[in-house]
Amino acid sequence: MALAIQKTPSFIETIVGVPPFKKLRLLTAAPAERKVKPKPEKKLPLLTLLDAYIPNPNAVNTIAVLTTPAGTPLPPPVLTTSPSQIKELLELLVKITDEICYDNVPVAELKECAAKVFHLYQVQDRDSDTSVRVKLLELLAGLGCEFPTEEGLVLVIDYFIYLLRKETAQKVLAQGLMCLYRLGQQSHARKFLPLAYNTQVAHLAKEQLRSGSTQTQKNAMLVMGRFATCHEGERQYVWKLAFYIDAQDSGVRAQALNALLTLGERGAHLPPVLYKRAVEAMKDDYECVRKEALRLVHMLGNRHPDYILGTTEDMRMIDAAFSKVCESLCDLSLQIRVLAAELLGSMTSVSSEFLNQTLDKKLMSNLRRKRNAHERGARLVTSGEWSSGKRWADDAPQEQLDARTVSIIASGACGALIHGLEDEYLEVRTAAVGSMCQLAMARPEFALTSLDFLVDMFNDEIEDVRLKAIYSLTAIARHIVLREDQLEIMLGSLEDYSVDVREGLHLMLGACRVSTQPCLLMVVQKLLDVLSKYPQDRHSTYACMRKIGQKHPHLVMALSGHLLYAHPFFETPERDVEDPAYLCVLILVFNAAEHLVPIISLLPTATHRHYAYLRDSMPQLVPQLPIEGASSSAQQRIDDALKAAGSSAEYLQMILSHIGDIFSLTDSERIDLLQTAQANLQRLGAIDAHMYGTSNFLETFLSAQIQIEQMQRCARTQRSRMPLKESLAELIRNCLKLQHTFSGMTYGDVLQVKQLRLRASAIHLVLVVRDRSQSALGPCQMLLQTAGDISAFMKAQAKKDAAASASTKPKTPPSAQPDSFTRDLLSKLDAITDPKPGRVFREILPLVQHAPPLALPPANSKIRRCMASILEPCPMQSQDNAIKVTAGLIAAVPFVAEIENLQESQRADLRIKIKYPDQNMHTVVPKMSDFKPIMTELGEHETNVRLRTTILLSHSVWTEASLVEIQLCLAVRPGSELELCKPAKVLFAPKPVRRGI
């Protein structure tokens, strides 16, 4: 054995008999200098401070935890440390966990740091303070969560299993299990933890259930719920967790129920016999236990709806669970009442008897009201009848009837939703209204029954509850027809001070149907009265009138003469077409005439001219009608072109194929043809609204390509005239517009846009250096930033492609690749060590001069453009009435705008730009609370929002009133705003201060 481990002699040890100075000379002989490779910079320098507490830091990388007992290494010697050293180490660990940053840390360094923390944990004294080991486990879990691969995560889990099996301190065990739960959440999100490790961790947690610490038990249940496999859930874990439903500690009981819920949500089979245990847990004294038990009852009822419970009567589990959830609506806890009201809406498989009972507070027996003993005795006395003797024991006391012989629906469902709607807290009322809406959408017959109760909620004192009731009634509008008494309550809410409530009612009235002519006339008259009181509601009122006309053409036909003041014998005076009330009536009648053409014959002659005007000014509100004498407007020509063109997608493909042929022509012929194609794309967006985003994206891309072609000519010759600064700024603005105002782009689309911006930045730098009239530092810096951005973008996509190719999923097609110009430009910029403008200019000039044209991206119908339309201040009325204010003071102007296709990432960049006549510009950042989603009949719109705020205007004295422009834009970078709409102009007149006598 000694020979086997004998070390081979070194070079100096082989020299025998050499004088000492010669040995010294050999030792001091300096070897030839070698270039030492610099060590990579550590991304986690804070963890190097732990080396002082490790006995042999150089041996940390050799540590390996083997799963076999024979391969398990011996633990390192335990260090005895003083209390002061323990305190210093604890303070250092707290500092590391608070300040550590895991940005772009390589996997090798993460493994090294994890091994270092593991080694430091092993050398700790088990009898010392447990706080150090708790912080070490927390740090190890943080490192494990950062591993991007399966190998690193498995390594950290191995460390935890090895350490926790040897740990006895309950505080450390509880923290270790919580860290494993964190790792489980991370691996569950990435879905790459092997199945064997799930089983190992779940068995480890199962062993810790026998612990005497309640915190350890609760954390073990957390881990079991997250790591237990679905096929082993019922066989090994469900019944083990069900045993702890009756534990002594309330937290353990609640966590056992929560772990069962987690297993059920992950797909494990929960047996229906757990229902009785969950019902018993609903009677617990602690709110946390009742809350989890309520959720478990709801889950079991939905999982096994047709399971027959073993009671005296055959009752489906979904009906019994529905009754128990209804009982929780009378719980003392607010949180449980809210949860019960929310859960009722998802129990759509309940029987109709139980569902209808939620709207009636009277207890039912065989669908008849159950009278109490006092009422039954009083009825017997007042009848004055004696026992006839024909029936056995017909005069027996009713109180002694056996309860099992009476069929009574469970009392929990009686009036449950009514209790929820009448609750003192708005959270319960809101949840009850939402559940009633969900049940009504699934059960049309229940929608008719619940209509009166939803209408009553319009009078709630809280605005959010009223809005919830309005939107709920809008969702179930297709199942109901409104009566006159219900309309009176609804129309009374139209005068609400809240603009959101009024607009919600306009949406709801447009979605509902009324039964009679007086009902329709009542709705129209009330809408016109409220419009005169709130003129700012005209847009939502117009949309409401449009929907009402489309849904009630026959009723509108009967009332058209009354609404238009048309007389059968006398000529009535022509009404003002700018009157909002008259506009509402016209929109109502014209939309009804689209579905019932004979209405046109009942219209006065002046109405035909008004139709032509409205068809041009409001094409989205007024449909196309066969009215003789109406002028052939631009919109009519667009509609005819749309019908003649056939499919818009085919026409777009034809334009793109022509553009591909144009790129093969010479430069002199190419520009004019590309401009013609650009005009065709612009017209296509005007014809077909669904293709606007795609056609506008391609049109903007082609416009930037044309500008690059024209500027490329200037860069090829020295004597050519330099383009204006405005042209360069317009090119950069088009590139920014492509990059920031369009959504729904694929990787290929984004790559083409970034390549276009790279070309524009290169052209910009070349032209600025050639001009020599301005500094080139800014364009050079912009080019380098753009090159770094596209390089990082392509590297990130390459990593995704590599990960996708390594996975077992079906192979995806390879991503788009950059063109030759982009590759050559990036390689030249990478080779420049000192990127000064002159050096960069000389390197990229040949590439820019001979760059081939960039191909257009393929047509993508999912592309949408962010656009805005300003509703207030109104463009037509704001220039008539001047806003007068004393100079130096502030005038508040209401501002309302609708923004389409606004992404979450764009909200922070949205700005309101105010431009005064003296060219001073102010930029206002709207509050996030001012953005509200636009409601539709199907619910909230995902990307369309409404911005409602107030703009403050102030200026010094002007001699006369002047126009102030208000515009919405995206501030994508300092000094560059991308306009989303045309400016709204307001007449503003700051007056001089009046001096008193």
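Trainee: Which residues do ring pairs link into a cluster?
Mentor: F118, Y159 and Y162. Keep in mind that this is a predicted model.

Trainee: How many aromatic pairs does a search of the whole structure find?
Mentor: It finds 8. F697 and F701 form an aromatic pair with 6.5 Å centre to centre and 40 degrees between the planes.

Trainee: Why is the pair of F697 and F701 called tilted?
Mentor: Look at the angle. Planes under 30 degrees apart count as stacked, and over 60 as edge-to-face. F697 and F701 have 40 degrees between the planes, and the pair is tilted.

Trainee: Why are F697 and F701 separated by about one helical turn?
Mentor: Because they are 4 residues apart in helix α31, residues 692-716.

Trainee: What makes K206 a charge over the ring of Y237?
Mentor: Two tests apply. The charged atom must be within 6 Å of the ring centre and within 35 degrees of the ring normal. K206 lies over the face of Y237, at 5.7 Å from the ring centre. K754 lies over the face of F793, at 5.3 Å from the ring centre.

Trainee: Why does R466 count as buried?
Mentor: Buried means under 20% relative accessible area. R466 has 7% relative accessibility, so it counts as buried. Its place is in helix α20, residues 463-475.

Trainee: What joins the side chains of R466 and D496?
Mentor: A polar contact of 3.0 Å. The cut-off for such a pair of N or O atoms is 3.5 Å. Leave aside neighbours within four places in sequence, and R466 is in contact with several residues, including M457, F458, Y497 and V501.

Trainee: How far apart are N198 and A228 in sequence and in space?
Mentor: They are 30 residues apart in sequence and 6.3 Å apart in space, C-alpha to C-alpha. Beyond its neighbours within four places in sequence, N198 is in contact with L193, F227 and T229.

Trainee: What is found at the start of α10, and what just after?
Mentor: At the start, a side-chain oxygen of D249 reaches to within 2.9 Å of the backbone nitrogen of G251. Just after α10, G267 takes a positive phi of about 110 degrees. The helix itself is mostly covered, with 14 of its 16 residues buried.

Trainee: Why is α33 described as largely enclosed by the rest of the structure?
Mentor: Because 21 of its 25 residues are buried. The helix runs over residues 747-771 and reaches 36 Å from its first C-alpha to its last, close to the 36 Å expected. Just after α33, R772 takes a positive phi of about 60 degrees.

Trainee: Now the strands. What makes β8 and β12 a pair?
Mentor: Two strands pair if at least two bridges are found between them. Here 6 bridges join β8 to β12, and the strands run antiparallel. I912 stands opposite L968 in β12. β8, residues 910-915, is mostly covered: 5 of its 6 residues are buried.

Trainee: How many bridges join β8 to β9?
Mentor: There are 4, and these strands run antiparallel. K915 has M921 as its bridge partner in β9. The hairpin of β8 and β9 has 5 residues between the strands, and Q919 there takes a positive phi near 70 degrees.

Trainee: Which residues make up the covered face of β13?
Mentor: S976 and L978; the uncovered face has E977 and E979. L978 is the bridge partner of L970. In all, 4 bridges join β12 to β13, which run antiparallel. These two strands form a hairpin with 2 residues between them, and G975 in the turn has a positive phi of about 85 degrees.

Conventions: Residues are numbered from 1 along each chain as its sequence is written. This is a predicted model: local features need pLDDT of at least 70, side-chain atom pairs count only at pLDDT 80 or more; totals for chains, interfaces and linings use all residues. Side-chain values use heavy atoms; hydrogens and water are left out. Buried means under 20% relative accessible area, exposed over 50%, partly exposed in between (1.4 Å probe, protein chains only). A polar contact is a pair of N or O atoms within 3.5 Å; within protein, one must be able to donate a hydrogen and the other to accept it, and residues adjacent in sequence count only if both atoms are side-chain atoms. Rings of Phe, Tyr and Trp (its six-membered ring) pair if their centres lie within 6.5 Å; planes under 30 degrees apart count as stacked, over 60 as edge-to-face and the rest as tilted. Contact means heavy atoms within 4.5 Å. The expected span of a helix is 1.5 Å times one less than its number of residues.
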